[in-house]
Amino acid sequence: MTEQEAPIRLLPLCAKEAERLDIILACDGAASVGQVGHQVAVELTNANEAARMCCITAVAAESKAHVDIARRARKLIVINGCANRCASKVLERLGIPYAYEVVISKEGVEKLPTLDYDPADVKRIAEKIAKEALG
Ligand code: SF4
């Protein structure tokens, strides 16, 4: 590591600490709204010691360890890009309840075929979720 590089911040291990964590599951869709949702999940993870993104794709693939994490989490916060609500449907199919759901396209962000996004949207929506769902 050179002097200029910041040290990496290791996150709590989901499998070991699920019971004390607010687990954030974002669809990470390949569109503007999915990318806003992904970045919101990153911001919330970085700003809260007891909140953390986990792998929704692994839950969808029914990885036993990841389904177990979702079932044991202190709270599940689900971030969907659009009204398809793919991340929420993964949990609903498995019968796993979640505490909070957001749909980015209903939060003033247009779904466009781009990976670009406005950081102001990320900040605004992350603040809303932090206020309404975390802690
Ligand atoms: S919820 Fe919408 S943006 Fe997210 S993965 Fe599904 S279709 Fe894509």
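What percentage of the 135 residues of the chain count as buried? The share is 44%, where buried means under 20% relative accessible area, exposed over 50% and partly exposed in between, with a 1.4 Å probe and protein chains only.

This is a predicted model, in which local features need pLDDT of at least 70 and side-chain atom pairs count only at pLDDT 80 or more, whereas totals for chains, interfaces and linings use all residues. Residues are numbered from 1 along each chain as its sequence is written, and side-chain values use heavy atoms, with hydrogens and water left out.

**Overall fold**

The chain contains six helices and four strands, which are DSSP runs numbered from the N terminus (helices H or I, at least four residues; strands E, at least two). Along the sequence they follow the pattern α-β-α-β-α-α-β-α-β-α. The radius of gyration of the chain, 15 Å, is close to the 14 Å that the globule rule gives for 135 residues, so the chain is as compact as a globular protein of that length. This radius is taken over C-alpha atoms, and the rule is 2.2 Å times the number of residues to the power 0.38. Of the contacts (heavy atoms within 4.5 Å) with a separation of 6 or more, 66% come from residues 24 or more positions apart.

In helix 5 (residues 86–94), the buried residues are Ala87, Ser88, Val90, Leu91 and Leu94. They lie on the same side of helix 5 because they cover an arc of only 155 degrees around the axis, the arc being that of the directions from the helix axis to the C-beta atoms. Their packing partners are strand 1, helix 3 (56–60), helix 4 (64–72), strand 3 (75–80) and strand 4 (100–103). Just after helix 5, glycine 95 takes a positive phi of about 70 degrees.

Aspartate 22 belongs to strand 1 (residues 22–26) and counts as buried at 1% relative accessibility. Its side chain forms a polar contact of 3.0 Å with that of arginine 74; such a contact is a pair of N or O atoms within 3.5 Å, and within protein one must be able to donate a hydrogen and the other to accept it, while residues adjacent in sequence count only if both atoms are side-chain atoms.

Most residues other than glycine have a negative phi.
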